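The sequence and the structure follow.

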Amino acid sequence: RYFVDEKVHWASVADDVKRGVAFGLVASVAARLVDATVNGGVNGDGPAGGALALLAYGQTDGHAGLATVALITSSCVLAPATEELFFRGFVLPACDRVVGNVAVSIVLTAGLFAAVHFAPRDAASLFAAGCAFGAAAVDWDSSTKNASDASDASGANATMGFTAAGLAVPTAAHATFNAGVLLEAILRG
């Protein structure tokens, strides 16, 4: 998809990144709305709180620059890449093969995504974000399929792009979401 005659097709990369950023913004808004509903306001002790401890430690021992680079790299590059590879690259398609319904598979995978973060207070907002990342991983464009395979309203016949290139959109969404959480925590902190 990204390579045409062994050259990178940058327009496809840029389109996927733009779609991922859009899904990440949707995930951010949805997570904050869910958090406000479930927890009665903005949650100040979420996952970024632990990550920000790295910054505080870096400032006390004179390594603030290194701590900042480590925090941004782990939050906005490493975690999104590894988590999306696992959840949307492995768990979601496996779940879809068993369940046979993409929408249900997205919900189940999002539930697992929220659970493994071990943050009960943030579980609802992580679930909302996981649903957005799952939707980002799915190719809902029925024009790429023949008429007998067209996606129905439930998403039961949607197809998923589970190549490394197919994970670019949910990974960009996840990175955007994490960057927003990090920025919010830094601005508050």
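A patch is built from residues with over 30% relative accessible area and no salt bridge, where like charges are joined within 9 Å and nonpolar side chains (Val, Leu, Ile, Met, Phe, Trp, Tyr) within 5 Å; a salt bridge is a side-chain nitrogen of Lys or Arg within 4 Å of a carboxyl oxygen of Asp or Glu. Accessible areas come from the Shrake-Rupley method with a 1.4 Å probe, and for residues only the protein chains shown count as cover. A nonpolar surface patch is formed by F86, F90, L112, V116 and F118, which together have about 530 Å² of accessible area.

F86 lies in helix α3, residues 64-99, and is partly exposed at a relative accessible area of 41%. On this scale buried means under 20% relative accessible area, exposed means over 50%, and partly exposed lies in between (1.4 Å probe, protein chains only).

## Basis of the model

This is a predicted model, in which local features need pLDDT of at least 70 and side-chain atom pairs count only at pLDDT 80 or more, while totals for chains, interfaces and linings use all residues. Residues are numbered from 1 along each chain as its sequence is written, and side-chain values use heavy atoms, with hydrogens and water left out.

## Overall fold

The protein chain has six helices and four strands, arranged along the sequence as β-β-α-α-α-α-α-β-β-α; helices (H or I, at least four residues) and strands (E, at least two) are DSSP runs numbered from the N terminus. Of its 189 residues, 37% count as buried.

## Nonpolar cores

A nonpolar core is a set of buried Ala, Val, Leu, Ile, Met, Phe, Trp, Tyr and Cys residues joined through side-chain atoms within 4.5 Å. The largest one has eleven residues, among them A27, F87, F113, L126, F133 and F177. Two or more of its residues come from each of α1 (10-39), α4 (102-115), α5 (123-137) and α6 (168-188), and α5 gives the largest share, four residues. A second, separate core of five residues includes L92, V102, I106 and A137.

S105 lies in helix α4 and counts as buried, at 0% relative accessibility. Not counting residues up to four places away in sequence, S105 touches L92, C95, D96 and V99, where contact means heavy atoms within 4.5 Å.
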